[in-house]
Amino acid sequence: MPQSATKPFIDVLSGQRQAVPPMWMMRQAGRYLPEYREVRAKAGGFLDLCFNPELAAEVTLQPIRRFGFDAAIIFSDILVIPYALGRSVRFEVGEGPRLEPLDDPAKVATLAAHADFGKLNPVFEALKLVRGALDPKIALIGFCGAPWTVATYMVAGHGTPDQAPARMMAYRHPEAFAKIIDVLVESSIDYLLKQLAAGANALQIFDTWAGVLPPAEFARWSVEPTRRIVEGVRKKVPDAKIIGFPRGAGAQLPGYVEATGVNAVSIDWTAEPAFIRERVQSRVAVQGNLDPLVLITGGAALDRAVDNTLANFAQGRFIFNLGHGIQPETPIAHVEQMLKRVRG
Ligand code: CP3
């Protein structure tokens, strides 16, 4: 295995600032790329694409070939864990995910205790293919959803604007809800370890819906399960590099960093720069945080926003990224403009 010192992305996670920040984009393989749409059309459904190792590897590599990013992220989804737990998971075109709702204690009593990782073999195969094809200087990121965020989809059965169904369930039936979280913690630890074994060089834990919780619930349902995952992974792989993305955590980011032990946090575009520098970047690496809408906009507004992001964070350990996933309508030329602006 090539040493991590050869990868600028991993070097930042190890605490070494890079003069030119390494960069990648959340959702960098996706519908804004014509070559993705072409593969997606021939794969069938979205999950068919995730579970086809050759095609999943191909779409993972597409943004690397086109843009030369410093990291590839394996093409998959956070909802493959409920799928491996035997839940029904479907993706309807234009509607997002559909799961069988898990919204009362009687249903939770039937939840499998362990994931069937045989069902996720294609993801591990895809990781091996990608790692084999990637330049050693480019990092490969594996990922999972944080238990809270995965649970919001499992409970409601679909996406919602404020995750009211999961919040209600956590208030009404904390024991049943805790069981869902516990199962997700255990399966996420194993899943992340298997991704490392298959060739992932770093891991990201996506907690897209962390920001809808009051502080006490954030501590219980978002921070503590993430802490347990980090601890569980490091028990087997002590130097595992882990990025947390508690979207919308705001003033709670320093507490999240301290409690979880992540090597980096991905921040959204609402983060206050001086606060982040003093309270977060002083301790761990920071990744982010361009507003995906300014990437759609392009032009002088994009240049200004890129310059601002660099001025805010590039003096410290920093990975340039968006504050959330790239939107399908983003022009490719704007991604190229952003790359040129960051790399000079
Ligand atoms: O970043 C990458 O390029 C890697 C692939 C990746 C996908 N989903 C592919 C995907 C990753 C890291 C995810 C994570 C994910 N999935 C999250 C957390 C990060 C975030 O974006 O908030 C969440 C909440 C999900 C669940 C999910 N998957 C939703 C809500 C949707 C529907 C919304 C949408 O954008 O269509 C998906 C589908 C999905 N996952 C697509 C992709 C490329 C679009 C499906 C398609 O191509 O038809």
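View 1. Ala264 of strand 7 is the bridge partner of Ile243. Helices (H or I, at least four residues) and strands (E, at least two) are DSSP runs, numbered from the N terminus. This is a predicted model, in which local features need pLDDT of at least 70 and side-chain atom pairs count only at pLDDT 80 or more, while totals for chains, interfaces and linings use all residues. Residue numbers start from 1 along each chain as its sequence is written. Ile243 sits in strand 6 (residues 242-246), and strand 6 runs parallel to strand 7 (residues 264-267), joined to it by two bridges. Two strands pair if DSSP finds at least two bridges between them. With 23 other C-beta atoms within 10 Å, Ile243 is buried. Here a residue is buried if 20 or more other C-beta atoms lie within 10 Å of its own, exposed if 12 or fewer, and partly exposed in between, with C-beta atoms placed from the backbone. Leaving aside neighbours within four places in sequence, the contacts of Ile243 include Ala202, Gln204, Val265 and Gln287; two residues are in contact if their C-beta atoms, placed from the backbone, lie within 7 Å.

View 2. Have a look at the strand order, which is 1-4-5-6-7-8-9, with parallel pairing. Strand 1 (71-73) and strand 9 (318-322) are at the edges with a single partner strand each, so one side of each has no neighbour in the sheet. On average, neighbouring strands of this sheet are turned by 25 degrees against each other, direction ignored. Helix 15 (residues 299-313) lies across strand 8 (285-290) and strand 9, and runs at about 160 degrees to strand 8. For such angles, axes are lines fitted to C-alpha atoms, for helices over the stretch in contact, and angles run from 0 to 180 degrees between N-to-C directions. Asn289 belongs to strand 8, and a cis peptide bond with omega of about -15 degrees joins Gly288 and Asn289.

View 3. Six of the six residues of strand 5 (residues 202-207) are buried, so strand 5 is largely enclosed by the rest of the structure. Ala202, Gln204 and Phe206 point one way from the strand, and Leu203, Ile205 and Asp207 point the other way. Strand 4 pairs with strand 5 in the parallel sense over five bridges, and Phe206 is the bridge partner of Gly145. Strand 6 is also parallel to strand 5, with five bridges joining them; there, Pro246 is the bridge partner of Asp207.

**View 4. The shell around the ligand.** Which residues come nearest to the ligand? Of the 24 residues around the ligand, these are Ala29, Gly96, Phe206, Thr208 and Gly325. A residue is near a molecule or strand if its C-beta atom, placed from the backbone, lies within 6 Å of it. Strand 3 (96-99) and strand 4 (139-145) each contribute at least two residues to the shell. By class, the shell has eleven nonpolar, nine polar and four charged residues. Ala, Val, Leu, Ile, Met, Phe, Trp, Tyr, Cys and Pro count as nonpolar, Asp, Glu, Lys and Arg as charged, and the others, Gly among them, as polar.

**View 5. The hairpin of strands 2 and 3.** Strand 2 (residues 89-92) and strand 3 run antiparallel and are joined by four bridges. Pro97 of strand 3 is the bridge partner of Phe91. Three residues lie between the strands of this hairpin, in which Gly94 takes a positive phi near 75 degrees.

**View 6. Helix 10 from end to end.** At 1.5 Å a residue, the 24 residues of helix 10 (residues 174-197) should span 34 Å, and the end C-alpha atoms are 34 Å apart, which agrees. The expected span is 1.5 Å times one less than the number of residues. Buried residues of helix 10 include Phe177, Ile181, Leu184 and Tyr191. Just after helix 10, Gly199 has a positive phi of about 125 degrees.

**View 7. Ala56 in helix 4.** Ala56 lies in helix 4 (residues 53-67) and counts as buried, with 26 C-beta neighbours inside 10 Å. Ala126 is 70 residues away from Ala56 in sequence, yet their C-alpha atoms are 6.2 Å apart. Beyond neighbours within four places in sequence, Ala56 is in contact with residues including Phe75, Pro122 and Ala126.
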